[in-house]
Amino acid sequence: MIYPEEGRQVCPRCMKKHAIFIRLLSLAGKYKLSLFFIVLFMLLNSATGLVIPYFQGTVLFDQALAGTGTFAGKIGLVILVIIAFRTLSLLFGVMFGIMIAKLAANVAFDLKSSVFTAMQRLSLDFFMRKQTGHLMTRVNNDAHELQYFFVDGMSYFIVNAMNIIGIAAVLLWMDWRLTLICLIPMPLVFWLVRKAFPKLWRLSWRRHRRVSALNSIISDTIRGSRVVKAFGKEQMEIGRFQRANDAFSGAEQNFNKMSGTVFPVLNLLTQTGGILIWAFGGWKVMQGQMSFGAVLTFVNYMYMLYGPIQFMNNIVGWWSYCMAAAQRIFEIQDAVPDVAERPDAVRLPDMKGDIEVNNVTFGYEPNKAILKNVSLRAKPGQMIGVVGHSGAGKSTLVNLISRLYDVTEGEIRIDGVNVKDISMASLRSHIGIVSQDVYVFSGTIAENIAYANPDCTTEDIIHAAKIANAHDFIEKLPDGYDTLVGSGGYNLSGGEKQRLSIARAVLHNPKVLILDEATASLDTETELQIQEALDSLVKGRTTIAIAHRLSTLRNADYLVVMDRGKVVEAGTHDELMERKGAYHDLVRKHDEALKMKEGVIA
Amino acid sequence: MTQDGNVGKTELADAARIRYLTKENAEFAETPGHLLAVKTDGEEHSPVYVHCSFPHTNRRVYLSIRTADNKEIGMIRNLDDFPPETAALLERQMAIRYFTPEITKVVAVKEEFGYSYWEAETTAGLCRFTVRNGGGNVKFAAENRLLITDVDGNRFVIPRLDQLSEKEYRMVEMRL
């Protein structure tokens, strides 16, 4: 068996529908008590309802009106009894309605949090591969659809099954021959269900895929609206959306056409039974073999049977939604994080910051190595500068050191321990990253700075902001550190965001500091100010700094020049300049670029 | 407050190099034009402005004293560390800089064509103002504290949203 994704424990074909169903049932265990009461009230509701046709038919017509039996002439009493049972039935109905509403919200809540928690557990790689739209659909819609399974599916299924059995028993007891007559169309119904439903199932899955693709385009375009506007590509985006929308609409139509045909036919077939009863029952009444009240009772029960039978028809549709949704949710829960912590992982309460990279080879995809045989050494307290062209693998290297990904070959050691053996918690608490793509969460500026360490004091936040050169612009804002940023909040500029993320790392106070183009989006003057502050902070810390701007690395103890995934040169600034190799070239080009800039300004 | 001997924190404070103003090293005075002046390290700065670091959550701590061109003279850890008259002077300055009437009673909120028209009793008397819908003009500045910015940029605040009557809350809720 070839697994579609490496590390995915369950292959889709081995995931049989009934296996999913059993697994879903195990989730329902938590709601046993409420489900029990819901089913109980539902049964009481239908039991009280079941009495009514008997009173409306046999008792009213054959006893009260015909003047025979226990209820002879007591029409008022019969009506009162009917009203009483109706009221009881209604009360039980309201009761289970309320309980279901509560259960539904709880189930959706639990499922959503379990999917979200399962997602947070997964490695960065998972999020890089999937589209945001797909993931958002999973958390929201799939959980919502599964809610149907627990709430409508489970309880109504039990009650309707009981109803069918109960009513069928009453019918058989009243007249078994008439009952058999109304079952004549049944084989046809079963045949149709077996033929049509697998197809419906497929169509529903297709519809889901299309709606996910549609959501992806919407989220893409909204988040990338700056790019879309800048290139004037609105029409193209409209076209792209139209195609996806068209595809979705087609899938939706196919599904609806199919279900729109199948269900009325099924209804018609089941109702044929009722017509047959009227025909045979009427004939029997005329022959004097059966009373009119008995036929009326019989037909009323027959009609009560339609609801549950139709439900059984529809449940197949629900079933297909739910199973598809459950499959997707379980897939996330079962996904094995690529980067997993060993059970016997070492905790490092104190890290010295001795980093050793030995012959590391790595690729995001197999057989496509981004890093080839990379080695470097950073002694505690040293500052290592990594330079090289774009795409040389600099950011990949630091991703490996902080173990966002695992190396394919070779090893990375921190304080002599392989990073794969160090617990995630100690790794993350001792390594701080300021990367080129900064993210600001919704919340206040103070909360954003304190992200890594929410228990810090107010003074720490202000000090960190001051070091990152963010204090002055924050104080200038009317809401100061209370300013809301992130989606819907105050719009920070690129440089301001960068400074917030530096403040975040400063407050995190790690032993190993990774600066991945940390000051790239700042002007030279601000960069200089932050550099000064950082210089006082990097003392006693191991720092790995990646920079395009070579001036950023003027304080580095040691420089590593990378090109196409390999370390081509290593040494101090002076050594490398003497060697007149790749670094010398880079510095020369850098200086030329600076001169050109000066020329432009002059 | 945080100088508890923790090495990391001391490092942070040293690297930050923030100058804290205390009652010993700084002398505040009111200028004839009712602005603020401060004398510290033998140097006089006039006028200076009081910036709150946390105008919504705590106004009395971490005040930044700045010149007109946003240069920080120093910070005050807590207003309570200063003699009452100095604290009162600084508070007066803050009240001017952060002038925000507090809404005590919402009388009416009407909505039409994307704008809502508010009528409210505030600490600055009865106010009528217009707020543009959307764009974060009505937002939470802190938990339970609602900040309303009208079309002219005037700010109003409902200090405790849960203190509103049910009728008032109904009117405000639709504007959130």
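How far apart do the C-alpha centres of domain 1 of chain A and domain 2 of chain A lie? In this predicted model, the two centres lie 56 Å apart. Domain 1 of chain A covers residues 17-334 and domain 2 of chain A covers residues 355-601, the bounds coming from an automatic or database domain assignment. Chain B is likewise divided, into domain 1 (7-97) and domain 2 (103-173). The centres of domain 1 of chain B and domain 2 of chain B, taken over C-alpha atoms, are separated by 31 Å.

Residues are numbered from 1 along each chain as its sequence is written, and chains are lettered from A and ligands numbered from 1 in the order in which they are written. Local features need pLDDT of at least 70, side-chain atom pairs count only at pLDDT 80 or more, totals for chains, interfaces and linings use all residues, and side-chain values use heavy atoms, with hydrogens and water left out.

Chain A brings 25 residues to the contact and chain B brings 34 residues, where contact means heavy atoms within 4.5 Å. About 2600 Å² is buried between chain A and chain B, and carbon and sulfur atoms give 53% of this area. Buried area is the accessible area (1.4 Å probe) that two parts lose on being put together, summed over both. On the side of chain A, the residues that lose the most area to chain B are A:Glu459, A:Glu475 and A:Asp482, which together account for 25% of what that side buries.

Four salt bridges are found across the interface of chain A and chain B; a salt bridge is a side-chain nitrogen of Lys or Arg within 4 Å of a carboxyl oxygen of Asp or Glu. B:Glu72 forms a salt bridge with A:Lys466, with 4.0 Å between the closest N and O atoms. There are also 13 residue pairs in polar contact between chain A and chain B, both residues being at pLDDT 80 or more. A polar contact is a pair of N or O atoms within 3.5 Å; within protein, one must be able to donate a hydrogen and the other to accept it, and residues adjacent in sequence count only if both atoms are side-chain atoms.

Helix 14 (458-467), helix 15 (471-476), helix 16 (494-508) and helix 17 (524-538) of chain A each supply at least two residues of the side that touches chain B. Helices (H or I, at least four residues) and strands (E, at least two) are DSSP runs, numbered from the N terminus. Helix 14 of chain A gives the most, with seven residues.

Over all chains, the whole structure holds 21 salt bridges. One of them joins the side chains of A:Arg588 and A:Asp585 (3.5 Å, N to O). These two residues are separated by about one helical turn because they are three residues apart in helix 19 (residues 582-601) of chain A.

In chain B, strand 1 (residues 26-30) and strand 2 (residues 36-40) run antiparallel and are joined by five bridges; two strands pair if DSSP finds at least two bridges between them. B:Glu27 stands opposite B:Lys39 of strand 2. The two strands form a hairpin with five residues between them, and B:His34 in the turn has a positive phi of about 60°.
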